[in-house]
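Reader: Could you take me through one part of this model, a strand and its pairing partners, and then show me how the domains and the ligand shell are arranged around it? I would enjoy a close look.

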Amino acid sequence: MKELLEKQTLSFRFTEEQEMLRKTVREISEENFKEKAREIDKTHRFPRENFELLAKLGMTGLTLPEQYGGGGMDCISYAILIEEIARVCATTSVIIAVHLSLCSMPIAKFGSDFLKDKYLKKLAKGEILGAYCLSETGSGSDAANMLTRATEKGDFYILNGTKAWITNGSEADLYIVFAQTNPELKHKGITAFLVEKNMSGVSFGKLEDKLGIRASATCQVRLDNVKVPKENILGNVGDGFKIAMMTLDRGRIGIASQAIGIAQGSYDLAVSYAKERDAFGQKIINFQAIQFMLVEIATEIEAGRLLIYQAANRYDQGLDFTKHSAIAKLFCSELATKAANKAVQILGGYGYTTEYDAERFYRDAKITEIYEGTSEIQRIVIAKNIIKELTENIDK
Ligand SMILES: Cc1cc2nc3c(=O)[nH]c(=O)nc-3n(C[C@H](O)[C@H](O)[C@H](O)COP(=O)(O)OP(=O)(O)OC[C@H]3O[C@@H](n4cnc5c(N)ncnc54)[C@H](O)[C@@H]3O)c2cc1C
């Protein structure tokens, strides 16, 4: 019991490595991603060079095992990485989050030695970019209701179907594709496959024209009789849905971190503007109405960050963290939208124009309430876990 309590105790101090990571990522993001964020938002150009720079600095494999060329760092470090990038460029943060958390980590966790040798080293070094293909046009929240099918044929499975809304879609090299191998078993019939871009029959839809994170190359991934060797199955046949859900549990820590980064970026911008802007003969930061908006956001950012670290810490300790990551994502994503909205308000007319980043933060923030499970789905996950805890306590 004592051991369990010790395990659950949160440390409120970062390690030296984590402090250093935050400083480094903040500097490279400010120097390299900040100015460009506006340009790529306008043009939709996928910022490949941002990914390459992160690769050069060892960030594309930050949390992957050292044995496969990764940095072996913990989930709190991952949260720091994503937050600091999102503080200036939400698009770049989701590109790396999907690569690292949704594609590479499940291979590290569920992949055979063969798959790890073949793909993980390249993913860690950023030589290849990863993507995660679960959603379809007709099934997002209800992901198990997918139409993509995989049919066994000798040493291969033949995949047919269309995955929708795929981040890094046409830019990625490797895709985790979830396909139904036994429809009668419903979600227990789903299997995860590693599909390479250059496999015959893989093609892409047009880039989606989005409200925010406009350069993250979201598109359909189409599979037309794609012949995937059985050795490219992740985990076992029928494990796919479990792998998809477990991956999203951890992924949500990343989206919560993206959201807190957007909230922090919005807050920083609002503070610096309020310190400079004059109205009625004084700086607007002197008005209590402005101070109260800032205080509300500052308070909630502190709270949100602690929720993220709690979830990440539980993951690092090997404790159940499903409820905690859903709580962190729910709170931080709704906060991101609120913080960005307040930033636009504090900047007044300028906040509504592209001259400042407030309007981009506002547009970028919204997606955090939608992908990797909408806010409604987070509420369902949290409720299910609370009920489970209550039942377990009654049973005891
Ligand atoms: C920019 C972007 C990037 C994305 N990237 C990826 C990616 O890389 N890989 C991937 O697989 N997917 C990706 N997605 C898909 C994303 O995860 C889904 O859009 C999301 O899960 C919601 O699914 P949906 O769009 O089908 O909405 P729906 O599931 O149709 O939901 C519509 C509304 O109904 C609500 N709703 C649904 N079910 C319930 C319920 N049981 N109770 C209460 N309310 C409910 C939802 O909360 C929502 O408000 C991306 C989406 C976008 C927009």
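Author: Leu174 has Glu196 of strand S5 as its bridge partner. This is a predicted model, in which local features need pLDDT of at least 70 and side-chain atom pairs count only at pLDDT 80 or more, while totals for chains, interfaces and linings use all residues. Residues are numbered from 1 along each chain as its sequence is written.

Strand S4 (residues 174-180) and S5 run antiparallel, joined by 7 bridges; strands here are DSSP E runs of at least two residues, helices are H or I runs of at least four, and both are numbered from the N terminus. Two strands count as paired if DSSP finds at least two bridges between them. S5 also runs antiparallel to strand S8 (residues 233-234), with 2 bridges, and here Ala192 stands opposite Leu234 of S8. Of the 7 residues of S5 (residues 190-196), 6 are buried, so the strand is largely enclosed by the rest of the structure. Buried means that 20 or more other C-beta atoms, placed from the backbone, lie within 10 Å of the residue's own; exposed means 12 or fewer, and partly exposed is in between.

Let's step back to the domains. The chain divides into domain 1 (7-129), domain 2 (132-241) and domain 3 (248-395), with bounds from an automatic or database domain assignment.

Now for the ligand. Domain 2 and domain 3 both give residues to the shell around the ligand, so it lies between them. Of the 23 residues in this shell, Ser135, Gly140, Ser141, Thr374 and Glu376 come nearest; a residue is near if its C-beta atom, placed from the backbone, lies within 6 Å of the molecule. Strand S1 (130-133), strand S3 (156-166) and helix H11 (375-395) are the elements that give two or more residues, and H11 gives the most, with 3. The shell divides into 12 nonpolar, 7 polar and 4 charged residues.

Conventions. Ala, Val, Leu, Ile, Met, Phe, Trp, Tyr, Cys and Pro count as nonpolar, Asp, Glu, Lys and Arg as charged, and the others, Gly among them, as polar.
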